[in-house]
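Thank you for coming. I would like to walk you through one structure, going slowly enough that you can follow along on the screen.

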Number of protein chains: 2
Amino acid sequence: MTGGPPEPRNVWVDGRLVPASGPHLSVTDRGFQLGDGIFETLRARGGHATELPEHLLRLRHSADGLDIDLPPGLEERIAAGIRDLLEAEGLAGPDGDASIRITVSRGAIPGRGLLPTVAGIPPTVVIQAWPVTPPPPSHLTEGLHVAASTIRRDPENPLVALKTTSRADYVHARLEARRVGADDAVFLTIDGYLSEATTANVFLVRGDELATPALACAILPGTTRSLVLAWAGRAGLRATEGWLTTRDLAEADEAFLCSSVAGILPITSFDGRPVGTGRPGPVTLRAREAREAFIRDSGDA
Amino acid sequence: MTGGPPEPRNVWVDGRLVPASGPHLSVTDRGFQLGDGIFETLRARGGHATELPEHLLRLRHSADGLDIDLPPGLEERIAAGIRDLLEAEGLAGPDGDASIRITVSRGAIPGRGLLPTVAGIPPTVVIQAWPVTPPPPSHLTEGLHVAASTIRRDPENPLVALKTTSRADYVHARLEARRVGADDAVFLTIDGYLSEATTANVFLVRGDELATPALACAILPGTTRSLVLAWAGRAGLRATEGWLTTRDLAEADEAFLCSSVAGILPITSFDGRPVGTGRPGPVTLRAREAREAFIRDSGDA
């Protein structure tokens, strides 16, 4: 771990700050047994969690989709937990810049099998926080190399737009991308349309058009995606959501990824071939700056 | 929990028997964070784990598919762990009948993100054991009602035949089946062919043919499936593996599910309509008896 960022000293588990060293969870936790959980990742500046209501709304939406009962008032407890954790980790000051993960599993339910054997057991709720590590400088100056994943996404899967902790497909896609020297993988739908990257949405710049896969393309409705779509008009760009192909990506003037924690990062090659000029493009860099300003302003608010 | 089977007192975690009450795991365990793990379930009679080498082989196959490094000698440690756990749980005697779950995650790796941030951290290995609860009598006398899941399986997904702990699709399918009054769900492939049930393979009886979806139909290669295919010849039946449809299931003389823990259970209705006579069929009951005898004989061996 030498040279890496410091590891957290605390985590928040079911209402309490506890030492990060653990142990914290039962092996019977359905998050561990079955990936039977959901999560959100977000950013916090100056102790303020950016777009927390949007993330908590999406968390509840994911819970509903998996029939996980979230107790009433959980949102308020999570908001307080984030404040306590940022404070304990020294990330709540004016310069604090943190990434936060909220993980909720169906809970530690004894017995075996896919159906919960006992009713009334509360979900497990965990909050973790880390100092934000800036992206490697090359990600901004050179951009990201992305590769198409061999894993296809089914737009008709009822869980496809939920942020579940059943993430083996995504882990596999990232390992697969690394093997071919790529920084990230882009999923295609079973019909061959562009979907999303493993932790980010995809945007293409084509003239004055800012195009992104529609919600029907098996994507998570990213909060930063919404922000970029709203920004496009102010930046004199025409935002479109639709069905895009790998050819559209290969032939775009610029392309970028966006996510809550990493913000906006240029895509400069796809499956080994340059996208646009092969350098980060001007629209991408403007979008990145607008997003970072939004995060800073949230922290100041 | 009143009326249910007794809960385990011990679990085996990373080489040691520990109290089942826990806690055992760090929140950073990638099994909890990302469903980044694999598992096997099997049965043990008289302290003897049935088909343990086959299950350990499939565990290693699943680990390879997810790039999880299993340390050398892990199989022997798991075999010893099963013996110790069955002994501690009072399930090792001549009448002991247990179901066992082996769960392996990529380990408690600090940091966030899909790519493991640190190399060299060992996987988390957990063994659990429960007394076998016989199926509800109605499952044998009336048979199971199964329903087609809305979740489709992609035969080209490189993880589709691995037993990963990213099981949200399966949990959802079971909850969905329960909502329509079914006992289990059957997945179809994206091309509309029969695949498998949530924890079992599917067989159809058509005259003297015993038909089951081919390995290419996005199924787990079940150890009991292999056993049934081998049994067919001895029972005067012609075993076939191929592409079957929901119509084939609806029109079969008999149908059944098979899995390591529950053995063979009749399917007597599909999407609300009777299969065959709507009663457990003679071939199904013979197959079940042959399988149970095999388990008893393994225990006696």
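Cys258(A) counts as buried, at 1% relative accessibility, where buried means under 20% relative accessible area, exposed means over 50% and partly exposed lies in between, with a 1.4 Å probe and protein chains only. This is a predicted model, in which local features need pLDDT of at least 70 and side-chain atom pairs count only at pLDDT 80 or more, while totals for chains, interfaces and linings use all residues. Side-chain values use heavy atoms, with hydrogens and water left out, residues are numbered from 1 along each chain as its sequence is written, and chains are lettered from A and ligands numbered from 1 in the order in which they are written.

Staying with the cysteines, how many disulfides are there over all chains? The count comes to zero, taking a disulfide as a pair of cysteine sulfur atoms within 2.5 Å. Cys258(A) is in no disulfide, since the nearest cysteine sulfur, that of Cys217(A), is 15 Å away, and that distance is too far for a bond. Cys217(A) is itself buried, with a relative accessible area of 0%.

Let me turn to chain B and its strand β13, residues 254-259, where six of the six residues are buried; helices (H or I, at least four residues) and strands (E, at least two) are DSSP runs, numbered from the N terminus. Both faces of β13(B) are covered, with Glu254(B), Phe256(B) and Cys258(B) on one side and Ala255(B), Leu257(B) and Ser259(B) on the other. Strand β10(B), residues 201-206, pairs with β13(B) in the antiparallel sense over five bridges, two strands being paired if DSSP finds at least two bridges between them, and Asn201(B) has Cys258(B) as its bridge partner. Strand β14(B), residues 263-270, also pairs with β13(B) in the antiparallel sense over five bridges; here Leu257(B) is bridged to Leu265(B), and a hairpin of three residues joins β13(B) to β14(B).

Next comes helix α5(B), residues 168-179. Its twelve residues should span 16 Å at 1.5 Å a residue, and its end C-alpha atoms are 16 Å apart, which agrees; the expected span is 1.5 Å times one less than the number of residues. Nine of the twelve residues of α5(B) are buried, so the helix is largely enclosed by the rest of the structure. What do these buried residues pack against? They pack against α1 (30-34) and α2 (52-65) of chain A, together with β7 (144-153), β8 (184-189) and β9 (194-197) of chain B. After α5(B) comes Gly181(B), whose phi is positive, near 80°.

In the loop between β7 and α5 of chain B we find Arg167(B), which counts as buried at 3% relative accessibility. Leaving aside neighbours within four places in sequence, Arg167(B) is in contact, meaning heavy atoms within 4.5 Å, with Leu34(A), Gly35(A), Ser166(A), Phe39(B), Leu162(B) and Leu220(B).

Finally, the two chains together. Chain B can be laid on chain A with an RMSD of 0.0 Å by a turn of 180° and a shift of 0.0 Å along the axis, which is the relation of a two-fold axis; the copies are superposed by least squares on the C-alpha atoms of residues with pLDDT of at least 70 in both. The copies meet through the same surface, because 100% of the interface residues of chain B are also interface residues in chain A.
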